[in-house]
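Morning, everyone. Please bring up the sequence and the model on your screens. I will walk through a few places in turn.

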Amino acid sequence: MTTSARFASRHLGPRPHDIEHMLSVLGVSDLDTLIDQAVPASIRVQAPLALPPALTEREALDRLAELAASNQIWRSYLGYGYHNTIIPAVIQRNILENPGWYTAYTPYQAEISQGRLEALLNYQTMVSDLTGMAVANASLLDEATAAAEAMTMSWRILRNRRDAFFVDEQAHPQTIAVVKTRAEARGIKVVLGDPDALDLVADAGRYFGVLVQTPTTTGRLRKLSDLCAAAHGDKLIVTVATDLLALALTQSPGDAGADIVIGSSQRFGVPLGYGGPHAAFMATADQHKRQLPGRIIGVSRDVDGVPALRMALQTREQHIRRQKATSNICTAQVLLAVIAGAYAVYHGPEGITAIARTVHRRACALANAARGQGYAVSKDFFDTVVVDVGADVNAVLSRAAKLRINLRRVGEARILIALDETVRDQDMRDLFSVLGVQGDVPVNAHTDALPADLVRTTPVLQHDVFSRYQSETEMMRYLKRLENKDLSLVHAMIPLGSCTMKLNAATEMAAVSWPAFGAIHPFAPRSQAQGYSQLFADLETWLATLTGFSATSLQPNAGSQGEYAGLLVIRAWHHDRGDSHRDVCLIPTSAHGTNPASAISAGFRVVTVDCDDHGNIDVDDLRAKAAAHKDHLAALMVTYPSTHGVFEESIRELCQIVHAAGGLVYMDGANMNAMVGLARPGDIGADVVHLNLHKTFAIPHGGGGPGMAPICVTAALAPFLPGHSLVPGVGGAKAIGPVSAAPWGSASVLPISWAYIAMMGADGLAMASKIAILNANYIAQRLDGAFPVLYTGTKGRVAHECILDVRHFHKVSVVDVAKRLMDYGFHAPTMSWPVHDTLMIEPTESESLFELDRFVDAMLAIHAEATAVETGAVDATDNLLHNAPHTAAAVTADSWSHPYSRSDAAWPTAWTRTSKLWPAVGRVDDAFGDRKLVCSCPPRTGTQRR
């Protein structure tokens, strides 16, 4: 294979002559010498990894096409909260398939993230309007996970004073299962039953909350107001799981008195994708907003008083509150929430209502036809009809199969048919024929059949953003305006430490929007997804090989879920051995905040382990804590390489100490990008690892999601891998309950990681790790004189990232440096984590020497600017750093009162004169946004355009 044909040569940034130059700067003769200095010899792999030969890009696409051809696209009317949908082409092309959207990161740097922040605010406004609630978050992972989060949120609101949670027996089965998994670990009792029969007089004081589904899993619309009133009389928190499209026509849960509302926005333009990724939603009453998990986008203002958006109430989150956080969820489903919000913007209130009415009236027509055939039919439905076909059930299902239609059997003799916006007249006629209906039967009813007391009387989507962009021209321009406000990988490297913002190659992304992967219902028969089955088998094997483990679960659909699932597997192993008393989880102080938050979610007690002055885990403190808790020790959570950016020499000893005390080792794979092909967690001594496919294995971050985080485990833990309530054969023989709604999590993005591994091959993956280490050390070397590197390994090298100290400046803050980088065209590195007033930089292997030097030069220039402030050479307050970032409006204003030039402010380098991404707003006032929290689109007047 020629060099140009190898995908690895396209994926890696530095060219061979660049590598030689970088090594000379580092003072080493070759790349292997650098790796020997950075990676301890004791953990290095000793033999080539057993992966297939690398494919070219064309070969990978051909193989993916073969896998796709093995899938069968049937018409699925199965329900369960998943519905086929039509993604408008203007949204598919301009968002889903656009790297300007999918390569962005979570919008921590608000000034260069206003576009997706606005798109997410649209989403939150849409959810708040339809649900009738005051505040909505910016998405959760899936509907079932949102239900579990609602349960624990309810528990927090009542301050854990009760221990039972009532769950509607007519909730979706996968939701019930995920809630039970979460409840069992937290010691919560789940009681299933009929909410209409709930006796809160006899059971007064028993429950802290209730989850009710409407429409139910069999399609019945519930009346909520009486239940909510009775529940509030006993101080219960009421969570309603619902359907956004149904809410266009039916009473909002907020109007009925609900406290929390959850569900999925999938049917708003997001493909089925064999289960995901999809954006779940959660909304709540105003008094509970500070208990809401996940990201919340709020309205604030910038330094000039201009309205500006930001992520609000971040003190709720894991990186600050750790085990006291509202949730362990970090990554959400931003890209999918953006799509769903855009769907509502494009269709507007009239369009959404028309879609809902068409779906409902087709369901009415189907019900009428079934009744005309003499069958009993369900009542009080929106889009889902249940038909009692009696002895005809097998004949009905047989006729459906011949027409490649999936229907859902309910009990012995009933058939469920859930309709959606893709249903056409011919689809209706085919459904009639399946039911044995003869003759010319209307495919649409002329009137609604909703219960009169459940008809919606309040308007929806009244903000003018939902009424302005119904032409494709206007929508295209609106989406482009939003995109142009944000920095993504199409503009510059995003050097965020512990985030691995690497290339998301076009070939890897190609299959994501293929219907053969996107149009399959997650609970369709597995025989219809043989291509997916082979892809899963390949990935499970490859990931196990790369990590040195025996088995893999692809179910966790975010890094937080991978942590949670891995810990639950460890917990199940202990319980299976009769050691249910083992509930202590040791976690270093340097760990990411999701670690302690996940440990709490999995039912563990957190005991913190100190780090030494060199940033390494304090072995003596670990030994002492393990000995002190030896009778109750369950696990150690350790990130490797460490969050301080080094390969700790003591990692094997740490694992041995924990094992000797009866515990297991959970390795956080957030930094696996420095290890693939060089070292394997299983060989080091770990028992389970989670892998962030949205970091190491090329799935894009999507502006804050989707993510995927499979777990790989030893043979001893394999029997406990998560199962699924609706799909047999998932998980181990002693499977824990599901942690995600779908059996393989967000299946439709797995072709990305499959393509990445298939095209890189064993040698390419190892080289990627080496170049990631090279790039980080090159940056560390060039910047060390200006910004000291805080931690290195025993031989003076960092791993794939480095922490730069900013604490030697006293008049300039780390925030000033971060904001000034925007003027130079860069996203800031990770700020003040894991060490306050530092910057953690991870360049990844995909960045070229040109880009690395451009970033280093910007940092050195900022150092010179900061030094001028420190020495008094420039004004202590009115200077380039304190006023950063500088907007186009500021530097083109008629007046300019600053003691520095407009050119120095906005065009500090030659590059910025030819390729400038302007911050959309000035520095955002974070405190103002939290004091005056507004989480939906603010009212606007006149003809102002966004």
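Some ground rules. This is a predicted model, where local features need pLDDT of at least 70, side-chain atom pairs count only at pLDDT 80 or more, and totals for chains, interfaces and linings use all residues. Residues are numbered from 1 along each chain as its sequence is written, and side-chain values use heavy atoms, with hydrogens and water left out.

Let's start with the core. A nonpolar core here is a set of buried Ala, Val, Leu, Ile, Met, Phe, Trp, Tyr and Cys residues joined through side-chain atoms within 4.5 Å. Buried means under 20% relative accessible area, exposed over 50%, and partly exposed in between, using a 1.4 Å probe and protein chains only. The largest nonpolar core has 294 residues. Ile91, Met126, Phe268, Leu407, Leu419, Met475 and Ile757 touch the most other members. Which helix gives the most to this core? Helix H13, residues 334-372, with 23 residues. Helices are DSSP runs of H or I with at least four residues, strands are E runs of at least two, and both are numbered from the N terminus.

Look at Ile91. Its contacts, meaning heavy atoms within 4.5 Å, include Leu96, Ile339, Tyr343 and Met475, leaving aside residues up to four places away in sequence. There is also a second, separate core of 31 residues. Trp573, Ala591, Phe604 and Leu721 are among its members.

Now the rings. Rings of Phe, Tyr and Trp (its six-membered ring) pair if their centres lie within 6.5 Å; planes under 30 degrees apart count as stacked, over 60 as edge-to-face, and the rest as tilted. The whole structure has 23 aromatic pairs. Take Tyr274 and Tyr532: their ring centres are 4.7 Å apart and their planes are at 20°, so the pair is stacked. Tyr274 sits in the loop between strands S7 (260-264) and S8 (280-284), while Tyr532 is in helix H19 (residues 530-547), 258 residues apart. Buried or exposed? Both Tyr274 and Tyr532 are buried. Tyr274 also stacks with Phe536, at 6.2 Å centre to centre and 10° between the planes. Phe536 is in helix H19 too, 262 residues from Tyr274. One aromatic cluster takes in Tyr274, Trp514, Phe517, Tyr532, Phe536 and Trp744.

Phe536 and Trp744 come back at our next stop, as contacts of Leu750. Leu750 belongs to helix H25, residues 750-783. Leu750 counts as buried because its relative accessibility is 0%. Other residues touching Leu750 include Leu535, Leu539 and Met708. Leu539 is 211 residues away along the chain, yet the two C-alpha atoms are separated by 8.3 Å.

On to helix H21, residues 594-601. Seven of its eight residues are buried, so H21 is largely enclosed by the rest of the structure. Pro596 and Ala599 are among the buried ones. After H21 comes Gly603, with a positive phi near 90°.

Last stop, strand S23, residues 802-805. Cys802 and Leu804 point one way, Ile803 and Asp805 the other, and all are buried. Strands pair if DSSP finds at least two bridges between them. Four bridges join S23 to S25 (residues 838-841), and the two run antiparallel. Leu804 has Leu839 as its bridge partner in S25.

That's the tour. Thanks.
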